[in-house]
Amino acid sequence: MNDLAAAAPAAACTPATFKSAVKPVWCPGCGDYSVLSAITKALAMIGRPPHEVGVVSGIGCSSRIPAYTSCYGFHGVHGRSLAAATGLKVARPDLTVIVTGGDGDGYSIGGNHFLHACRRNVDLTYIVMDNHVYGMTKGQPSPTTEPDWDSKLAPGGTKIRVFHPMVVALAAGANFVARAFAGDPNGTAAVIAQAIRHPGFSFVEILSPCVTFRPEQKEWKSIVRPASAEATDDPALAARRVMSDDGLNIGVLYAGNRPCYRLNDGSAASNVTDLEMEFRV
Amino acid sequence: MVIALAGSGGSGVMTAGTLLLAAAAKAGVYGLMVRTSGPQIRGGEAAALVRLADRPVDTLGDTFDLLLAIDWSNTHRFADEVPLTARSVIVGDPDEGQPPEVFLATGARYVPLQMKKMARAIAGSWVNMVALGFAGALAGFPQEALEAAVRADWKRGDEALAANLSALAAGYAAERGVTPPIVAPQVPQPKAGAKPRWSISGNEAAGLGAIRGGVRFVAAYPITPATELLEWMAPALTRVGGTLLQAEDELASINMIIGGSYGGVPSLTATAGPGLSLMAEGIGLAVASETPVVIVDVMRGGPSTGIPAKSEQSDLSFAVSGLHGDAPRLVVAPTSIADCATTTQWAVHLAEALQAPAIVLSDQFLGQSRAIIDPPADSGLRAQRLRAEANDADYKRYRNTESGVSPMAVPGTPGVTYTADGLEHTEAAVPSSNSRDHRLQLDKRERKLLQHDYGDAWADIDGDGDAAVITFGSTSAAVREAVARARAEGLRVRLVAMRLLAPAQPEKLAKALEGVRHVMVVEQNHGAQFCRYLRGHFDLPAKPASYHRPGPLPLRPGEVHKAIADWRKAA
Amino acid sequence: MKPTAPTTVEEFMAQAYAMELEAQQRYADLADAMEMHNNREAAELFRKMVVIEGKHAAQIMAEMGWKAPPANAVAPAWEGFDSAEQVPVDDVHYLMRPWHALQLALAAEQRAARFFAELAMTAKDESVRKAAIELRDEELEHVELVRAWMAKVPQPEKDWAEDPDPPRYDD
């Protein structure tokens with residue numbers, strides 16, 4: 001145990017409860033450290049013990065998070081975390097299921113599953129650490145990278161319009177859409193807790209600077225701002241706001257009342273032998 | 001007796017075929033019905049192919065006794081699937097033109113019957129009832145059996161029922177009135193006190209087997225010819241407290257069931273070749289993370305989009321070896337429609353016991369054909385996963401146990417949380433690129449499959465002699481009939497219908513082939529995939545002969561019999 | 001939940017306590033990150049800061065006579081998103097030298113001092129104001145301690161941040 005134990009009390013659910021002994025391998029300065037901290041703070045606020053929480057991820061730097069928590073983790077393959085998480089939640093509605101990943105994992109290869117997860121509106125919380133780059137594979141452009149960002153795979157920039165995940169999430173049917181900034185771990189923790197509590201598919205896009213491949217993102221902390229409007233439950237109003245969003249507004253955009261995916265309570269009306277009746281001649 | 005009922009959209013031949021089979025069932029007879037059709041969604045040419053017998057049958061045999069066509073549009077396309085001989089009978093409506101030359105050239109007897117006119121004469125009746133009456137009479141069914149089948153399934157009101165029973169009677173009487181009388185094999189009358197039987201398709205049977213085994217979560221994407229399996233399972237699962245979720249694609253399907261299984265619920269998906277290809281990465285994830293899942297592959301003509309509505313056994317190579325890395329997995333193949341239930345149930349049990357993915361190689365022929373069968377007994381095998389105890393301070397998810405199977409912590413269990421991973425890992429589930437860890441985990445994942453006692457279900461074996469025929473899946477029935485004919489001619493032939501394809505059981509096969517000096521492998525694919533697999537992973541007494549051909553046509557007992565006879569002569 | 005300006009000494013000291021804890025947690029996380037990247041010297045330095053901040057927190061507890069740490073104590077964000085004594089997460093570098101780490105600690109203590117000074121000026125309650133001044137002075141002492149420490153530590157080389165190897169990729 002470290003020196004912290006001397007100062008802090010052993011409480012039932014502190015953020016420390018949700019941290020595993022595994023130390024992150026992220027570059028010092030990475031925004032994901034703060035997101036991990038925010039997630040553990042949020043889970044402490046929610047108050048369920050780690051063994052009742054599932055943390056599901058794909059592939060990438062931010063997808064390493066499950067092992068850094070003491071929850072039940074699933075580190076799956078690239079782009080399919082929402083599918084695995086959907087299966088877990090539908091099969092085990094009693095668990096709290098969180099999905100973590102990056103912008104490449106979520107919006108590129110995972111794009112189709114992102115659309116349908118929003119649409120299906122299963123009670124999940126999807127946290128994307130967006131650093132506008134593929135960090136783990138050495139710095140290629142991601143769907144949220146600016147069109148003029150120079151890289152080896154796309155010299156001079158991709159020249160392709162960026163993907164706007166909050167617009168897509170809202171349009172596809174997510175019930176909670178927010179943006180947070182990793183540089184504000186306490187604010188982020190509050191948004192994540194709210195997202196977890198909100199029913200249906202909650203999407204939190206977190207600007208999380210990549211210190212190694214996008215050092216210029218250090219200026220985010222100077223230019224992000226709290227959104228000027230409170231969250232709305234009117235999807236049309238949210239849509240108007242987000243269409244003029246410049247990517248730097250922090251806060252909850254939409255907390256809706258869309259019908260959520262009906263989870264089965266597992267009660268059986270029939271026996272297996274009842275099923276055989278229909279085949280009888 | 002083997003009957004083909006053909007006609008275009010609106011003629012209702014599929015319904016007639018289904019009713020004929022139902023009548024057979026009620027009359028205490030066994031049967032098999034295969035559907036074939038053109039590519040149109042509705043209105044195209046279609047044929048119901050029905051074999052009736054006094055014992056369970058899983059092939060249509062070699063030739064048809066009756067081809068009854070309500071019209072002849074594009075029916076020549078079925079010529080390969082409806083082989084006729086000079087002893088066959090063709091019944092057609094002269095007002096719809098002459099039968100195609102390809103059928104007449106066989107020398108079969110042509111009996112004209114103005115079915116449409118007969119139906120029009122009875123207001124509110126459908127022409128397929130006339131056809132049903134005729135075919136049922138020819139097969140020797142009492143009219144009451146046919147009527148009972150129509151009544152049982154009737155959904156369209158009493159007036160329509162009366163009209164159609166009249167049409168049925170008209171068709172029945174017409175057959176009795178043909179001169180000279182048609183000579184056709186009659187379906188034997190059932191013995192008294194016949195046991196209860198089922199009418200079921202292979203897809204339905206697989207679904208039932210899965211639920212019997214304990215599956216309660218399915219995520220899947222529709223694909224021919226697996227869709228009916230999902231359609232049957234959706235309400236069935238709900239009734240027993242489970243869930244079926246239609247996924248956005250096969251990539252989602254395999255990952256969803258991995259998630260569900262990670263959560264402790266036995267999970268399954270069903271697909272066909274193209275979907276299986278998409279699932280490859282996910283199946284590998286199940287191997288590496290040691291998550292049990294069952295994937296039913298209802299094989300169809302390949303490669304790529306191939307021939308979606310026809311059967312083939314050409315996914316074998318992919319199933320046994322088509323994953324990147326060293327990725328041992330379970331592969332089983334049901335040998336009949338009834339066996340779809342037993343083998344799928346077994347797959348669920350194996351997957352859960354060994355914490356591995358299991359691929360069930362069914363095919364379009366089994367999946368979409370309907371048969372009257374003796375109900376397969378519930379083997380009693382269930383999903384029984386080795387679970388971790390709560391609060392085990394020394395818990396290691398991927399502990400290198402002697403059996404290779406390590407207890408799995410299920411979410412909700414306190415004190416034993418871990419992160420499952422596709423990355424190679426230590427025994428404690430920490431990602432690792434270390435050589436010792438990799439070797440240990442590879443050995444563990446292989447060992448757990450190899451050390452399991454699969455019992456006698458790995459293959460159906462019978463016969464003796466120094467010659468053996470080895471096959472798997474839906475060809476087993478045709479091979480069985482062929483071998484029976486060969487034995488009747490005095491040939492001594494062993495038959496091995498292999499049910500467990502992976503992991504390979506070379507010792508068991510060697511024992512089954514003791515005393516055998518000549519082996520022939522029979523399969524329905526172009527590349528002799530099973531033969532190559534056997535040669536690569538088993539010890540065979542000599543280089544095997546191979547009788548193989550691709551779909552879309554099913555292997556027939558006659559051709560396999562000929563192949564066996566020629567093979568033994570040449571030996 | 002943003003903490004409101006403290007109106008009693010109890011509230012104020014609870015916030016100050018939370019500040020020490022948050023600073024301590026931040027130093028611990030940075031120490032882990034440095035250790036993971038084999039920067040032993042920076043890690044050791046941050047670990048020392050963990051101990052020091054822990055002592056400050058314990059000091060507050062002792063002064064206040066608390067048997068247990070105050071429940072729900074939250075440190076206010078100040079001049080940005082972090083609380084006043086926290087080293088910003090993105091100011092570290094995997095090759096940083098101990099001198100850099102001390103520079104960050106220095107800046108943190110200076111910020112803390114400024115925070116308490118400002119609180120002293122705006123506090124309406126007299127006892128809160130007094131307590132703020134006390135803590136401001138303590139932080140200024142810490143500033144001097146860190147400066148002295150920095151003087152003993154070698155200045156970084158010009159090319160301290162140069163790494164001939166490009167970043168690696170893993171998954």
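## Interface of chain A and chain C

Across the interface of chain A and chain C there are 4 salt bridges. Here a salt bridge is a side-chain nitrogen of Lys or Arg within 4 Å of a carboxyl oxygen of Asp or Glu. One joins the side chains of A:Lys19 and C:Asp29, at 3.7 Å from N to O. Polar contacts between chain A and chain C number 5 residue pairs, both residues at pLDDT 80 or more. A polar contact is a pair of N or O atoms within 3.5 Å; within protein, one must be able to donate a hydrogen and the other to accept it, and residues adjacent in sequence count only if both atoms are side-chain atoms. On the side of chain A that touches chain C, helix 1 (4-7), helix 2 (32-46) and helix 8 (185-197) of chain A each supply at least two residues. Helix 2 of chain A gives the largest share, 3 residues. By class, that side has 16 nonpolar, 8 polar and 9 charged residues. Ala, Val, Leu, Ile, Met, Phe, Trp, Tyr, Cys and Pro count as nonpolar, Asp, Glu, Lys and Arg as charged, and the others, Gly among them, as polar.

The model is predicted: local features need pLDDT of at least 70, side-chain atom pairs count only at pLDDT 80 or more, and totals for chains, interfaces and linings use all residues. Residues are numbered from 1 along each chain as its sequence is written, chains are lettered from A and ligands numbered from 1 in the order in which they are written, and side-chain values use heavy atoms, with hydrogens and water left out.

In contacts (heavy atoms within 4.5 Å), 33 residues of chain A meet 30 residues of chain C. The two chains bury about 2,600 Å² between them, 60% of it on carbon and sulfur atoms. Buried area is the accessible area (1.4 Å probe) that two parts lose on being put together, summed over both. A:Lys23, C:Asp32, C:Glu35 and C:Arg47 form a network of salt bridges.

## Interface of chain A and chain B

Here 43 residues of chain A are in contact with 54 residues of chain B. About 4,100 Å² is buried between the two chains, 62% of it on carbon and sulfur atoms. In chain A, the residues that lose the most area to chain B are A:Tyr72, A:Phe279 and A:Val281, together 20% of what that side buries.

The interface of chain A and chain B has 2 salt bridges. One links the side chains of A:Arg120 and B:Glu248 at 2.6 Å, N to O. Helix 3, strand 2 (72-75), helix 4 (81-91), helix 6 (111-120) and helix 11 (272-276) of chain A each give at least two residues to the side that touches chain B. Helix 4 of chain A gives the most, with 7 residues. Helices (H or I, at least four residues) and strands (E, at least two) are DSSP runs, numbered from the N terminus.

## A:Ser63

A:Ser63 sits in the loop between strand 1 (53-57) and helix 3 (65-68) of chain A. A:Ser63 is buried, at 0% relative accessible area. Buried means under 20%, exposed over 50%, partly exposed in between (1.4 Å probe, protein chains only). A polar atom of the A:Ser63 side chain lies 3.2 Å from the backbone nitrogen of A:Ile59. Beyond its neighbours within four places in sequence, A:Ser63 contacts A:Ser57, A:Gly58, A:His75, A:Thr100, A:Gly101 and A:Asp105.

Helix 4 of chain C covers residues 126-152; its 27 residues should span 39 Å at 1.5 Å a residue, which agrees with the 40 Å between its end C-alpha atoms. The expected span is 1.5 Å times one less than the number of residues. Buried residues of this helix include C:Leu135, C:Glu139 and C:His142. The buried residues pack against helix 1 (9-36), helix 2 (40-64) and helix 3 (98-122) of chain C.

## Salt bridges in chain B

The structure holds 48 salt bridges over all chains. B:Arg499 pairs with B:Asp339, closest N and O atoms 2.9 Å apart. B:Arg499 is in the loop between strand 18 (493-498) and strand 19 (500-502) of chain B and B:Asp339 is in helix 12 (residues 337-354) of chain B, so the pair ties together parts 160 residues apart in sequence. Both residues are buried.

The side chains of B:Arg480 and B:Asp462 form a salt bridge at 3.1 Å, N to O. B:Arg480 lies in helix 15 (residues 475-488) of chain B and B:Asp462 in strand 16 (residues 459-462) of chain B, 18 residues apart. B:Arg480 is partly exposed at 33%, and B:Asp462 is partly exposed at 25%.
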